[in-house]
Amino acid sequence: FNHALVCRKIGCRHGRFMLFPCLIALQANNQGLSADELLLNAQKLYPTNKSKALECCSLGVELAEREESKRLLANLLYTKAQIFDHYAEYDSSFVCYQKCVPLFLAVSDSLLAAKCFINLGVTHYYYGRYDSALTSYARASDCLRNSRDTLLSAKVFNNLGLVNKSLGNYTEAIINFQNVISLLDNTSHELNRANAYFNIGIFYWEQRNLKEALYNLTFATQIYERVDSKEDMANAFNNLGLVYSNMFDSVKAIAYFDKSIEISRLIGNKNTLASALVNKTASLKSKENLPAVIELLHEALKLYEQTNYRLGTFVCYSNLCKQYALDGQNHKAIESARKALEIKDIDKPVIYVAESYLVLASTFYAMRNYGQASHFFDKYVQLKDSVFSLKINEQITEIQTRYETEKKEVMLQNLQQKLEISDLQLKSEKRRIQFVLLIAFMVFVSTVVFIVLYIQKRKSYLALVQQNIKLAKSDMENEQRLISQTMTLVDTETKEPESSLSPEHRAELLHNLMVAMEKDKSFLIDSLTITDLARKLNSNRNYLSQIINEHFKTNFNNFINEYRIRETRKMLLSKEFSNLTIEGIAQTVGFNSKASFNTAFKKFTGVTPSFFRDNSQKFNNEEFRVMKAVS
């Protein structure tokens, strides 16, 4: 969750009696100065004295408005925006940029107008208004059309790359970043060129091309170290740690996280420091490290609360609830999970919300509070299953509808054209050759159209493959968590089933069912029946059928088949099972019939198993976003 963050500094509040004499002194010092002189004073003062610089700008704006000087007024507003940027008051600077950009356009100062549009685009990006950001950068490009300022043009391409990457337009994004490098090659703008390599490295990391990611991030880091850009070094070390973490080299990962932590402490960058602390906890996996992990998360939580970064606060609480649960501190786990879920007005990652519900369910179950355990487990199941089912069904329906509609339109057009050609052939023998050529041409066009439709359909199915790979990887990552968080089965000695299903027995049966499926993988048993599974769970088929119907909204066969298909997806992605045929994998996960296996696989994934295996190697990524803010 390492995002580009816009830090907000909190200024000290002074008493009224302290502030009033200072304002009188400022007015006295600026009395009698021209608007040009006030502008120069503001530009000199703002790095060290915010209040005096803003006072100069305000007085200068009044004079420029009286003189009706658009150029001077634009420069004063632009300087005021820079002051707010310097002190991280980005909402205020956004208003000033909006006011001065039409003035720069009116006086034909396209360079400063472009800078305004770039800064407006950065603010739009920060607030997630990607379409508005693209519009701002397009306006900036128009202003720079005849400019020789390569650095400013490079910044536009860099920011376009970040927006396109956030929108999922990966081809456009990589082209944008490569344009930055092309523009800045053989120039003195090393830092900006390093930023482009950094962004390309992050892009490849998201695509799980770890070799290219490591190359580009290392290249960027070398430039950062050469120009001694400590803030960029801290960010780069943090991301290098993430790359090595994905390469399962925890020693190097922790070493890079520690470098990022050290530099971030030195320069006081709270958000990068907090991000590196949280990332480091993911590499400290052993149970002996639990106290250290909890301590690091608390430090990160404190930093995020100081910067009012609520998404970071949410992630810290979510991770804390899992760590407390593993450490057996149930009350603290419940408190952390609830604090995470209570955070409002942010786009919470679904996986963290689902895991919080699961931790609450497991913790309440351990505390024998079966009502709360059942309540939160229901929320976990609904969130996990509804997100997967809705996305897959919507995508399949959209693909099929679009493909069938386009196919019918092409067939109707082709039929109409053939009828017209036949009619012309009857009228004139002389034009037969022309008609034959026309038929051939139309057949060619139709073929091309059908090929295009086939390619589009294939792309859509490839998108489904990519989606299923992400889900399979999520299943792999969650498997260990589920095993560690799930209690072992209760004593399985033979007991007579109760005549009614009480809340306690419902919660116990749900718990035992999840252990049997997630941990013991009972679904792999060949010819598994509901009676067999009920006997293993020390229950009966009626109770088990009732639980599956009520909590998973499906029948027993679909329930078992879904787990088998999830296991199949993981096996098809694993090199360990590459020597097995698809039919062999089907038998391994419990299917007796190849036909029933193919039907079940297509139903749950949207593609056939052979198509999935043949194309899965093309996609090996998961979503992760890092923004490199423009200076």
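Helices (H or I, at least four residues) and strands (E, at least two) are DSSP runs, numbered from the N terminus.

**Figure 1. Overview of the protein chain.** The model is predicted. By secondary structure, the protein chain contains 27 helices and zero strands. The chain comprises 631 residues, of which 46% count as buried. Among contacts in the protein chain with a separation of 6 or more, 65% are between residues 24 or more positions apart.

**Figure 2. Packing of helix H2 against helix H3.** Helix H2 covers residues 35–45 and helix H3 covers residues 50–67. Their axes lie 8 Å apart, and the angle between the two helices is about 160°. Angles over 145 degrees count as roughly antiparallel, so H2 is roughly antiparallel to H3. H2 and H3 cross with left-handed geometry.

**Figure 3. Residues at the contact of H2 with H3.** From H2, the contact involves Ala35, Leu38, Asn41, Ala42 and Leu45. From H3, the residues taking part are Lys52, Ala53, Cys56, Cys57, Leu59, Gly60, Leu63 and Ala64. By class, the residues of this contact comprise ten nonpolar, two polar and one charged.

Figure 4. No disulfide is present, the count for the structure being zero. Cys96 is accordingly in no disulfide, and the nearest cysteine sulfur belongs to Cys100, at a distance of 7.4 Å. A disulfide requires a pair of cysteine sulfur atoms within 2.5 Å. The relative accessibility of Cys96 is 6%. Buried means under 20% relative accessible area, so Cys96 counts as buried.

**Figure 5. The loop holding Ile346.** Ile346 sits in the loop between helix H17 (330–342) and helix H18 (350–366). Its relative accessibility is 22%, so Ile346 counts as partly exposed.

**Figure 6. Contacts of Ile346 beyond its sequence neighbours.** With neighbours within four places in sequence set aside, Ile346 is in contact with Arg310, Leu311 and Phe314. For one of these residues, Arg310, the separation from Ile346 is 36 residues in sequence. In space, the C-alpha atoms of Ile346 and Arg310 are 7.1 Å apart.

Terms used. Residues are numbered from 1 along each chain as its sequence is written. This is a predicted model: local features need pLDDT of at least 70, side-chain atom pairs count only at pLDDT 80 or more; totals for chains, interfaces and linings use all residues. Side-chain values use heavy atoms; hydrogens and water are left out. Axes are lines fitted to C-alpha atoms, for helices over the stretch in contact, and angles run from 0 to 180 degrees between N-to-C directions. Angles under 35 degrees count as roughly parallel, over 145 as roughly antiparallel, 65 to 115 as roughly perpendicular and the rest as oblique. A crossing is left-handed if the near helix is turned anticlockwise from the far one by less than a right angle, and right-handed if clockwise. Contact means heavy atoms within 4.5 Å. Ala, Val, Leu, Ile, Met, Phe, Trp, Tyr, Cys and Pro count as nonpolar, Asp, Glu, Lys and Arg as charged, and the others, Gly among them, as polar. Buried means under 20% relative accessible area, exposed over 50%, partly exposed in between (1.4 Å probe, protein chains only).
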